[in-house]
Amino acid sequence: LRAVSEWSKRHAVASETAFTFQTQSLFDASALGVPHFLYTDHTYLANRRYSMPKPSMPVPQAWRDMELQLYQNAATTFVSSGFARTSVIDDYGIAPDRVVTVHSGSNVQLPEIVDFSSRNGNVILFVGVDWERKGGPELLHAFAKVRSVHPSAELWICGCDPGITLEGVRVFGRVSREEISRYFSEADVFCLPSRMDPSASVLAEAAGNGLPVVATAVGGNLERVIDGVTGYLCAPNLLHERLNLLLSDAALRQSMGNAGRRLVFDQFTWPQVAVRITENIRGKIV
């Protein structure tokens, strides 16, 4: 914390610097007399806002004080979800007009055209590094029920290796961006029943590839999945019902996939995020 602060004070001189900008709220890179902006997807106190919160990582009081001061001093705090915005406003007492939701984008190249005819209606895709936090165990339980209705269904797991050996489950572990794009193009439904998730970019990546998304109604998921339109938001005990419905109906999968693509290209691309941030900064420093 001291190193970042000292570096900013040395290099961001008020007479020569229009503004400073940082991503995430893990440090304070502001400088005296220089307008400061930050972009973050979460706050420390937002962890208390989940229905199934896990114990917050213990941090020194000095870090807690730094985070609060950072929000208080920022000209604008940009956030990637309404969930994070509510936390900055309500948990830290920041005025609403100084906290702006700009969303987030896809970190993989999205296809210009999706060929729905190449999909066979059997593959459920999960992408996540943190198996438990992303709801992997809940998905596995739901998949067992799905297989009783769709015996040929498969669950593809990318991003981690939870050590599972079950019929119908394929584990790919960590994969490259190019590889994950191929899995998106070959899957039929995307499922991420996270226990906690401030703003999962993978939801936009899946929807941008034309996949209907089944997720839990936590954190930033509520903005990235429109229930009944681009997919379903549901409790973990209802996952199998939503997945069965989608695997049984190719027209529904295509309709939701197209709606998801429209949502992503309308709101969740990095160029759009950049424009929203740029316009706000220009309004504050001009």
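Strand β3 is covered on both of its faces in this predicted model. Thr76 and Phe78 are buried on one side of the strand, and Thr77 and Val79 are buried on the other.

Strand β3 (residues 76–79) belongs to an open sheet of four strands, arranged in the order β1-β2-β3-β4 with parallel pairing. From one strand to the next, the twist averages 20°.

The pairing around β3 can be followed bridge by bridge. Four bridges join β2 to β3, and these two strands run parallel. On the other pairing, β3 is joined to β4 by three bridges, again with a parallel course. Val79 of β3 takes part in both pairings: Val79 is the bridge partner of Thr40, and Thr101 in β4 is the bridge partner of Val79. Individual bridge partners are listed below.

| Residue | Bridge partner | Strand of the partner |
|---|---|---|
| Thr40 | Val79 | β3 |
| Phe78 | Val100 | β4 |
| Val79 | Thr101 | β4 |

Helix α10 (residues 270–285) packs on this sheet and touches β1, β2 (36–40), β3 and β4. The direction of α10 makes about 155° with that of β2.

A further packing arrangement involves two helices. Two packed helices are described by the angle between their axes and the distance between the axes. Helix α8 (residues 239–248) packs against helix α9 (residues 250–267) at an angle of about 105°, and their axes lie 5 Å apart. Because angles of 65 to 115 degrees count as roughly perpendicular, α8 is roughly perpendicular to α9. On the α8 side, the contact is made by Leu245, Leu246, Leu247 and Ser248; on the α9 side, Ala250, Leu252, Arg253 and Met256 contribute. By class, this contact has six nonpolar residues, one polar residue and one charged residue.

The protein as a whole comes to 10 helices and 10 strands. Its C-alpha atoms fill a box of roughly 65 × 40 × 30 Å along the principal axes. For 286 residues, a compact globule would have a radius of gyration near 19 Å, and the 21 Å of the protein agrees with this. Of the 286 residues, 51% count as buried. Among contacts between residues at least 6 apart in sequence, 62% join residues at least 24 apart.

Key
Residues are numbered from 1 along each chain as its sequence is written. This is a predicted model: local features need pLDDT of at least 70, side-chain atom pairs count only at pLDDT 80 or more; totals for chains, interfaces and linings use all residues. Side-chain values use heavy atoms; hydrogens and water are left out. Axes are lines fitted to C-alpha atoms, for helices over the stretch in contact, and angles run from 0 to 180 degrees between N-to-C directions. Angles under 35 degrees count as roughly parallel, over 145 as roughly antiparallel, 65 to 115 as roughly perpendicular and the rest as oblique. Contact means heavy atoms within 4.5 Å. Ala, Val, Leu, Ile, Met, Phe, Trp, Tyr, Cys and Pro count as nonpolar, Asp, Glu, Lys and Arg as charged, and the others, Gly among them, as polar. Two strands pair if DSSP finds at least two bridges between them. The radius of gyration is taken over C-alpha atoms; the globule rule is 2.2 Å times the number of residues to the power 0.38. Buried means under 20% relative accessible area, exposed over 50%, partly exposed in between (1.4 Å probe, protein chains only).
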